[in-house]
Amino acid sequence: MDKTARYFDKWATIGRSEEMEIGHGNNVNKFLDNIAFDKTFTFLDIGCGNGWVVRKISQIPNCKQAIGIDKSKNMIEKAKMKRTSKKEKYFQAELESWKNTVKFDVVFSMESLYYSVPMEPALAKVYTILKPDGVFYCGTDFYSDNHLTTRWAKDMKIPMDLRSKSQWKKMFEKLGFTTRTKQVKDLTHKSKWKREYGTLFVIGEKQKID
């Protein structure tokens, strides 16, 4: 088990998974609630924690299946305990080595991808498991433009890949995604970085080959 998995195993046992759900919930819900999901789709959440996003998405009528993966065994156990729908499935897995046979219409990740250092192999794996026309919605509060969060790597003492907003976008584009970004701010939050910088969402679409 690597250092990051051990770190989040501990977080799961002391209630931090629920704190993350609350802490990220406002911006993530604001973002996801603006996606139409007007066609049937399959969904994957990378770094799913206690499964709160998977549970939310599984309630959408057009969702055929919602899967969550996390390298933390304790997080996955929590997610399974909280399961609310037969559409949900959870697996303890590291993205890069996950032996999945399913391709997805929608892949989501919040505060997860940058724990792969460097991020390019993990992002390349996302590209391979997306269907043509599939979309990857990747959220992060840890980016160098948001200088008030850059201390997280030092505080947590685990590997984290810090990039700027422009570097995130270029990384997606280099791997073949059609890419755009969106920042979602919580203007009423007491934390300055949530009000002034907010969550950066990098949106990558895998183009269909004619």
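Which residue in E7 does Cys 138 stand opposite? The legends below take up this point and others for a predicted model.

**View 1. The pairing of strands E5 and E7.** Strand E5 covers residues 130-140 and strand E7 covers residues 199-206. The two strands run antiparallel and are joined by six bridges. Within this pairing, Cys 138 stands opposite Val 202 in E7.

**View 2. The open sheet of seven strands.** The strands follow the order E3-E2-E1-E4-E5-E7-E6, and their pairing is mixed. Strand E3 (88-92) and strand E6 (177-184) form the edges, each of them pairing on one side only. On average, neighbouring strands of this sheet are turned by 15 degrees against each other, with direction ignored.

**View 3. Helix H4 across strands E2 and E3.** Helix H4, made up of residues 73-81, lies across strand E2 (63-70) and E3. The helix runs at about 165 degrees to E3.

**View 4. Helix H7 on the sheet.** Residues 165-174 form helix H7, which packs on the sheet and touches E5, E6 and E7. The direction of H7 makes about 155 degrees with that of E6. Just after the helix, Gly 176 takes a positive phi of about 110 degrees.

View 5. Trp 168, Met 171 and Phe 172 are the buried residues of H7. Seen down the helix axis, these buried residues fall within an arc of 95 degrees, so they line one face of H7. An α-helix has 3.6 residues a turn, and residues three or four places apart therefore point the same way. The buried residues of H7 pack against helix H5 (120-129) as well as against E5, E6 and E7. Lys 170 and Lys 174, by contrast, are exposed and are carried on the face turned away from the buried side.

**View 6. The chain as a whole.** The chain contains eight helices and seven strands. Its radius of gyration is 16 Å, close to the 17 Å that the globule rule gives for 210 residues, so the chain is as compact as a globular protein of that length. The C-alpha trace spans about 45 × 40 × 35 Å along its principal axes. Of the 210 residues in the chain, 50% are buried. Among contacts with a separation of 6 or more, 68% are between residues 24 or more positions apart. The chain exposes about 10500 Å², and carbon and sulfur atoms supply 52% of this area.

Terms used:
Residues numbered from 1 in each chain as written. Predicted model: local features only at pLDDT ≥ 70, side-chain atom pairs only at ≥ 80, totals over all residues. Heavy atoms only, no water. Pairing = 2+ DSSP bridges. Helix = DSSP H or I, 4+ residues; strand = E, 2+ residues; numbered from the N terminus. Axes fitted to C-alpha atoms, helices over the stretch in contact; angles between N-to-C directions. Contact = heavy atoms within 4.5 Å. Buried < 20%, exposed > 50% of the residue type's maximum accessible area, 1.4 Å probe, protein only. Arc of directions from axis to C-beta. Rg over C-alpha atoms; globule rule 2.2 N^0.38 Å. Areas by Shrake-Rupley, 256 points an atom, 1.4 Å probe, with all protein chains shown as cover.
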